[in-house]
Amino acid sequence: MSDLLTTLNPLALVLCLPLVGALLIVLCHRRPNLREAVTLATAAALLLAVLRLLGLYVQGAQPTLTLAPMLGGLSLSLNLEPLGMLFLLVASALWVVNSIYSIGYMRANHEQNQTRFYLCFALAIAFTMGLAMSANLLTLFVFYELLTLSTYPLVTHSGTPEARKGGRIYLGILLTSSIGMLMLAIVWTWASTGTLDFRPGGILAGHIGGVQTGLLLMLFMFGTGKAALMPLHRWLPAAMVAPTPVSALLHAVAVVKAGVFTVVKVVVYVFGPTLLQSQGAATWLVWVAGASILLASTIALKQDHLKRRLAYSTISQLSYVTLAAAILAPLSLVGAALHIAAHAFGKITLFFAAGAIHTAAHKDYVSQLNGIGRRMPWTMGAFTIGALSMIGLPPTAGFLSKWFILQGAWQSGLWGVVAVLALSTLLNAGYFLPILYRAFFKAEDAPAAHGHHHPAAHAPVHDHGEAPFPMVLALCLTAAGTLALFLFPDGPLSLAQAMLGGPR
């Protein structure tokens with residue numbers, strides 16, 4: 001077996017491990033303990049395979065893999081580049097933690113169709129790996145669409161009318177935007193350049209100019225619906241009907257990260273910052289992203305449902321990445337890549353905490369959280385770290401990424417962007433700090449006979465203290481990761497800089 005793993009193409013190994021895990025999960029569907037052991041083992045094996053890939057990258061290796069040659073010189077191909085390496089590390093590490101959390105959550109809440117849940121989760125991670133390693137736009141588009149389709153059953157997991165409606169919105173917006181705009185942008189790029197390969201500095205220079213550059217960029221940005229740029233954001237709050245581990249997958253591990261990863265990759269490797277800067281073609285994107293940040297943050301202020309507040313926070317935080325990419329300064333582009341990782345660890349912590357509160361205390365609304373920090377100190381301590389990261393305060397990873405974005409805006413003389421960043425920081429504090437105040441400084445409300453949330457027959461039985469141990473362990477690990485990214489940023493920072501041609 002060790003010889004096989006050594007000789008197998010490392011890109012193929014990373015792509016195939018979660019697919020093999022998905023098959024084994026189905027075969028173990030009658031034995032829950034074995035099924036969950038397979039899930040954990042597959043996630044751990046994938047992380048080890050990605051770390052091996054990182055070792056090869058550091059040594060200067062550039063593995064490639066052709067999955068399927070096609071007509072006209074096109075192919076479904078994989079390769080390894082710095083931004084993709086960073087995405088691989090984030091997604092594979094968080095799948096391990098999310099698997100631990102999912103086992104505790106799914107069992108404590110007595111969820112149905114657990115085999116389908118773990119199967120679709122494994123498939124989603126496999127397609128995320130493929131997207132992260134895409135060597136060209138065609139390959140990225142194929143895995144982008146497969147990721148959408150594989151996560152639809154997760155969004156509609158509960159099978160309720162509300163879940164089915166949320167799933168229709170999710171599928172409708174993401175497929176319509178990708179087929180109607182992203183695919184058109186890819187065809188236009190192919191017709192203009194004769195290639196779809198990702199290349200440092202871009203492939204469009206000398207092939208497109210004037211109004212066409214801005215129009216093509218618009219098709220790419222709005223065609224990437226997973227980036228949730230307003231007004232193509234409604235799928236994200238609609239998908240909050242899914243179980244919390246799915247929300248964590250959507251917001252932190254795979255789906256939205258696939259969106260902003262695509263945005264950064266298109267800016268750096270398809271257009272190239274120099275082309276966009278010379279033609280001023282990304283100016284409109286700066287202001288659309290800035291408006292999305294402020295509007296989503298303002299809407300988040302008014303949301304009493306905790307997961308919906310976090311959903312609108314995600315829309316705002318994703319637009320930070322798009323804004324940073326649109327600034328086009330080297331420092332802001334580094335900040336965009338770093339914010340992909342920082343937001344992943346911070347936001348998954350917040351959703352984990354929301355699910356733990358739902359499981360242990362049957363509370364889903366901000367107005368119900370008085371005194372919850374005293375009952376659930378580990379959960380709310382982790383929530384505090386995640387919230388500080390979203391606001392952008394040290395010692396959390398969110399401070400580091402936002403600092404680079406701010407420096408890029410400052411050096412570019414974009415004072416309006418500096419103002420947006422300052423105002424959005426205040427808005428972030430406005431919708432997170434009241435939660436922390438309620439949790440730690442207000443007395444817990446007396447139990448009420450009726451409230452926002454009416455536990456169903458399958459509701460958890462944990463009425464006191466923390467959620468089950470696997471859930472608390474997972475959220476503590478991701479909170480620790482949020483701090484570690486601030487304290488030890490060299491690895492992600494070197495990958496972000498290498499994306500722009502810096503040393504490995």
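Q: What is a salt bridge, and which side chains meet in one here?
A: A salt bridge is a side-chain nitrogen of Lys or Arg within 4 Å of a carboxyl oxygen of Asp or Glu. Side chains of opposite charge can pair when their charged atoms come close. In this predicted model, the side chains of glutamate 36 and arginine 107 meet in a salt bridge, at 2.7 Å from N to O. Because glutamate 36 lies in helix H3 (residues 32–58) and arginine 107 in helix H4 (residues 82–108), the pair ties together parts that are 71 residues apart in sequence; helices (H or I, at least four residues) and strands (E, at least two) are DSSP runs, numbered from the N terminus.

Q: How many salt bridges does the structure hold, and which residues are linked in a network?
A: The structure holds five salt bridges, and Arg35, Glu36 and Arg107 are linked in a network of them.

Q: Is glutamate 36 buried or exposed?
A: Buried means under 20% relative accessible area, exposed over 50%, and partly exposed in between, with a 1.4 Å probe and protein chains only. Glutamate 36, at 5% relative accessibility, counts as buried, whereas arginine 107, at 37%, counts as partly exposed.

Q: Where do glutamate 81 and lysine 265 lie?
A: The side chains of glutamate 81 and lysine 265 meet in a salt bridge of 3.0 Å, N to O. Glutamate 81 lies in the loop between strand E2 (75–79) and H4, and lysine 265 lies in helix H11 (residues 255–271), so this pair ties together parts that are 184 residues apart in sequence. Glutamate 81 is buried, with a relative accessible area of 10%, and lysine 265 is buried, with 1%.

Q: With which residue does lysine 363 form a salt bridge?
A: Lysine 363 forms one with glutamate 444, their closest N and O atoms being 3.4 Å apart. Lysine 363 is in the loop between helix H15 (330–361) and helix H16 (372–375), while glutamate 444 is in the loop between helix H19 (415–441) and helix H20 (469–487), 81 residues apart.

Q: What pLDDT does the chain average?
A: The predictor's confidence in each residue, from 0 to 100, is its pLDDT; the chain averages 88, and 94% of the residues score at least 70. Over residues 449–462 the pLDDT is below 50. Where pLDDT is low, the predicted coordinates should not be read in detail.

Q: Which rules apply to the numbering and the values?
A: Residues are numbered from 1 along each chain as its sequence is written, and side-chain values use heavy atoms, leaving out hydrogens and water. Local features need pLDDT of at least 70 and side-chain atom pairs count only at pLDDT 80 or more, whereas totals for chains, interfaces and linings use all residues.

Key
Contact means heavy atoms within 4.5 Å.
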